[in-house]
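Below is the note you asked for on this model, arranged as numbered points. Please read it with the coordinates open.

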Amino acid sequence: MARPSVLVTRAWPAAAEARLEEVADATFRHPDRPMTGDEFLAAAGRYDAILPTVSDHLPEAFYDTAAGRVKLLANYGVGFNHIDLDRARAAGIAVTNTPGVLTDCTADMAMGLLLAAARRIGEGERELRAGQWAGWRPTHLVGTRVTGATLGIVGFGRIGQAMARRAHHGFGMRVVVQNRSPVATQTLAACGATQVDTVEQVAAQADFLSLHCPGGAETRHLIGASVFDAMKPGAILINTARGDVVDEDALFAALDSGRLGGAGLDVYQNEPALDARFLAHDTCVLAPHLGSATQATREAMGLKAVENLRAFFAGDTPPDQVT
Ligand code: DGY
């Protein structure tokens, strides 16, 4: 086929944009701003492929409009809960994603949030910046010990396992895991983990509960009142997965009651909007969806999306085909 015409919905790292230009007639959205629903509908009648990303909102009507025109949605990002796979399939549109290349950086971010929340680093930094530090004292900003504590993990795919390795081998943590399917004994043993059946069972044992499951209808509000009620008083929640995995009303209730000791969050239910209640909770460390945000990883994600696109239009099976 001739070079495909493609639309990239958000600005990419320069190296990835350059590589895409070698294989496709690419339109890049510079300046970088979110696509509206109308812009998606216009694009649906115009391009061979669209390269969306995790913060895009594709309107329902996109798929019918794109049927017969758009052949591929080559997503920049591993999560694809913003794409309606059933509608894409029905419209004859293939979908690819970018797994693997963001595993370590996302696990690093989860560990960073865990440490920051446990050791109250955000609170300390704010105090210093406000010129309010009164000096070292035995009871100042006393946090939670990480070394030797128990880490609960929900979702034991690539990123969950990378988090478990960091926690177990780096911080001597005991690891307890919930996963929708049984995990191989060897995989568990590699990070000293044991598997239990339910999220509540993990929560009951965890000093820190870190979420690594996919987003989407199946996991929406998976972490709700029953999980917070099962948690040890003072435990800390870490979420680098998807915002809507957590029921934020239940989260605030657990923070208010003291059941939850704090949280380290990279994702939110209605991002980029932040629920104003977070601002009243100093024990929450808040990051703006930065899990994969390193130069090396963001370039690698772009190169992976391009490779999926190249393979697809060359008539090969793309390495990361989702549908
Ligand atoms: C993804 O790829 O799904 C991440 O959320 C982006 O960091």
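**Notes on the model**

1. With a relative accessibility of 13%, Q178 counts as buried, where buried means under 20% relative accessible area, exposed over 50% and partly exposed in between, for a 1.4 Å probe and protein chains only. Q178 belongs to strand 7 (residues 174-178); helices (H or I, at least four residues) and strands (E, at least two) are DSSP runs numbered from the N terminus. Leaving aside neighbours within four places in sequence, Q178 is in contact with I153, V154, G155, F156, V196, D197, T198, V199 and V202, contact being heavy atoms within 4.5 Å.

2. The model is predicted, with local features requiring pLDDT of at least 70 and side-chain atom pairs counting only at pLDDT 80 or more, whereas totals for chains, interfaces and linings use all residues. Residues are numbered from 1 along each chain as its sequence is written, and side-chain values use heavy atoms, with hydrogens and water left out.

3. An open sheet is formed by 5 strands in the order 2-1-3-4-5, with parallel pairing; two strands pair if DSSP finds at least two bridges between them. Strand 2 (25-28) and strand 5 (94-96) are at the edges with a single partner strand each, so one side of each is left without a neighbour in the sheet. On average, neighbouring strands of this sheet are turned by 20° against each other, direction ignored.

4. Strand 1 (residues 5-8) and strand 3 (residues 49-51) run parallel and are joined by 3 bridges, and V6 stands opposite A49 in strand 3. Helix 1 (residues 14-23) packs on the sheet, touching strand 1, strand 2 and strand 3, and its direction makes about 145° with that of strand 2; axes are lines fitted to C-alpha atoms, for helices over the stretch in contact, and angles run from 0 to 180 degrees between N-to-C directions.

5. Helix 12 (residues 295-313) has buried residues including T297, M301, A305 and F313. The buried residues of helix 12 pack against strand 1, helix 1, strand 3, strand 4 (72-74), strand 5 and helix 5 (103-118). Helix 12 is followed by G315, whose phi is positive, near 90°.

6. Which residues surround the ligand? They are V54, G77, V78, G79, L102, R242, H289, S292 and M301, each with a heavy atom within 4 Å of it. A ligand oxygen atom is 2.8 Å from a polar backbone atom of G79. For the side chains, an N or O atom of H289 is 2.8 Å from an oxygen atom of the ligand, and one of S292 is 2.7 Å from an oxygen atom of the ligand.

Terms used:
Polar contact = N/O pair within 3.5 Å; in protein donor to acceptor, adjacent residues only side chain to side chain.
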